Amino acid sequence: MIKTDILIIGAGPTGLFTVFEAGLLKLKCHLIDALPQTGGQCSEIYPKKPIYDIPAFPEILAGTLVDNLMEQIKPFEAGYTLGERAETLDKQEDGSFIVTTNKGTQHQAPVVVIAGGLGSFEPRKPLIPNIIDFEDKGVNYFIKDPEVYRDKKVVIAGGGDSALDWAIFLADVASEVSLVHRRNEFRGALDSVEKASELAKLGKIKLFTEAEVIGIAGDGNVEAVTIKHNDAEKGETILPVDNFIPLFGLSPKLGPIGDWGLEIEKNAIKVNNAKDYQTNIPGVFAIGDVNTYEGKLKLILSGFHEAAVMCQFAYQIINPGKRYVMKYTTVGGVEGFDGSKKVAKKEVVQSIS
Ligand SMILES: Cc1cc2nc3c(=O)[nH]c(=O)nc-3n(C[C@H](O)[C@H](O)[C@H](O)COP(=O)(O)OP(=O)(O)OC[C@H]3O[C@@H](n4cnc5c(N)ncnc54)[C@H](O)[C@@H]3O)c2cc1C
């Protein structure tokens with residue numbers, strides 16, 4: 001049995017930053033994640049994409065953000081159960097919880113924090129009968145490393161931000177980029193739509209609108225796709241390609257968490273955002289993309305804020321009756337469980353007389 005103060009389900013940016021905020025309060029954390037690595041969506045879906053709305057980082061790659069968070073939480077020596085999905089939550093007589101994973105690992109803590117983001121990652125797949133035979137053999141539902149597509153012929157399908165952004169990005173990496181979308185209008189940000197049209201005019205992206213990929217052919221790996229045009233006169237186009245990347249989004253699936261008796265609304269967990277981000281089960285909090293409340297913004301910075309607030313209340317559950325006075329890190333420093341200590345040097349005030 002792994003015992004800790006705060007058990008965090010989900011090691012995305014929100015779960016990772018919770019370790020830091022809890023560490024400032026001298027609370028130990030353990031993280032469970034179904035994925036084999038930390039970082040959630042940032043590591044799994046878009047590690048090489050720049051993010052522009054992390055305060056004080058005008059631009060940072062999603063993968064670098066995760067590396068930095070891992071560095072920031074290192075002194076707090078969190079425990080990790082990676083590659084295992086949290087399956088069950090059982091309340092004990094002493095008020096603590098036992099969370100068991102699909103591999104039978106048991107964890108016990110007085111506080112459970114669900115930072116499960118979108119839940120288990122399930123990409124929406126196109127209805128092409130043999131697509132499964134080509135998965136990871138030219139068919140990918142996420143782009144982890146764009147270098148994989150250097151000098152390759154790539155066809156991307158989809159009409160949202162991901163499809164547009166990657167088509168634009170890969171136009172400078174791949175030898176040929178085709179973008180296939182069922183409609184004439186794209187759902188992405190206006191500047192991305194404009195940029196993609198501009199690149200199409202320059203011949204850097206081949207645009208196939210009112211069309212869809214209906215077939216994949218290849219001897220082992222993808223060698224060609226069949227594109228069917230809505231206009232019957234155009235019929236079908238067979239396009240020789242090395243890679244087919246359908247980017248139709250992720251279908252959010254809460255997975256086993258949905259059966260824990262939590263109040264769920266639109267696939268997300270309802271929380272008390274006026275106070276502490278606690279769920280309808282006292283002692284169980286939900287923060288980051290996984291929660292919902294009026295005005296919720298599914299952004300990394302929202303998860304960071306929610307983690308800071310939630311930890312103050314977790315402290316009171318773990319240390320009943322004990323008062324904690326919040327200190328700025330510039331004043332209190334950062335004292336890790338590993339013996340490390342960072343403190344601001346005393347200011348030397350020189351007076352001129
Ligand atoms: C392409 C793209 C671009 C984006 N760009 C931006 C941007 O520019 N700025 C911004 O602020 N946000 C952006 N986002 C959104 C941002 O990534 C999310 O808001 C953020 O990842 C949420 O963090 P999280 O830790 O709450 O959840 P996640 O990152 O989703 O992590 C949740 C983790 O929980 C795990 N998990 C779920 N259920 C279980 C279970 N039962 N057992 C074990 N583990 C479980 C999952 O495996 C996952 O690793 C973008 C998202 C995408 C997809």
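## Aromatic rings and cysteines

Phe17, Phe20, Phe76, Phe304 and Phe337 form one aromatic cluster. This is a predicted model, in which local features need pLDDT of at least 70 and side-chain atom pairs count only at pLDDT 80 or more, while totals for chains, interfaces and linings use all residues. Residues are numbered from 1 along each chain as its sequence is written, and side-chain values use heavy atoms, with hydrogens and water left out.

Rings of Phe, Tyr and Trp (its six-membered ring) pair if their centres lie within 6.5 Å; planes under 30 degrees apart count as stacked, over 60 as edge-to-face and the rest as tilted.

| Pair | Centre to centre | Angle between planes | Type |
|---|---|---|---|
| Phenylalanine 20 and phenylalanine 76 | 5.7 Å | 75° | edge-to-face |
| Tyrosine 277 and tyrosine 293 | 5.8 Å | 55° | tilted |

Phenylalanine 20 and phenylalanine 76 are both buried (buried means under 20% relative accessible area, exposed over 50%, partly exposed in between, with a 1.4 Å probe and protein chains only). Tyrosine 277 is buried too, with a relative accessible area of 5%, and tyrosine 293 is buried at 18%.

Now to the cysteines. A disulfide is a pair of cysteine sulfur atoms within 2.5 Å, and a search of the whole structure finds zero of them. For cysteine 29, the nearest cysteine sulfur is that of cysteine 311, 6.4 Å away. For cysteine 42, the nearest cysteine sulfur also belongs to cysteine 311, 19 Å away. Cysteine 29 counts as buried because its relative accessibility is 3%, and cysteine 42 is buried with a relative accessible area of 2%.
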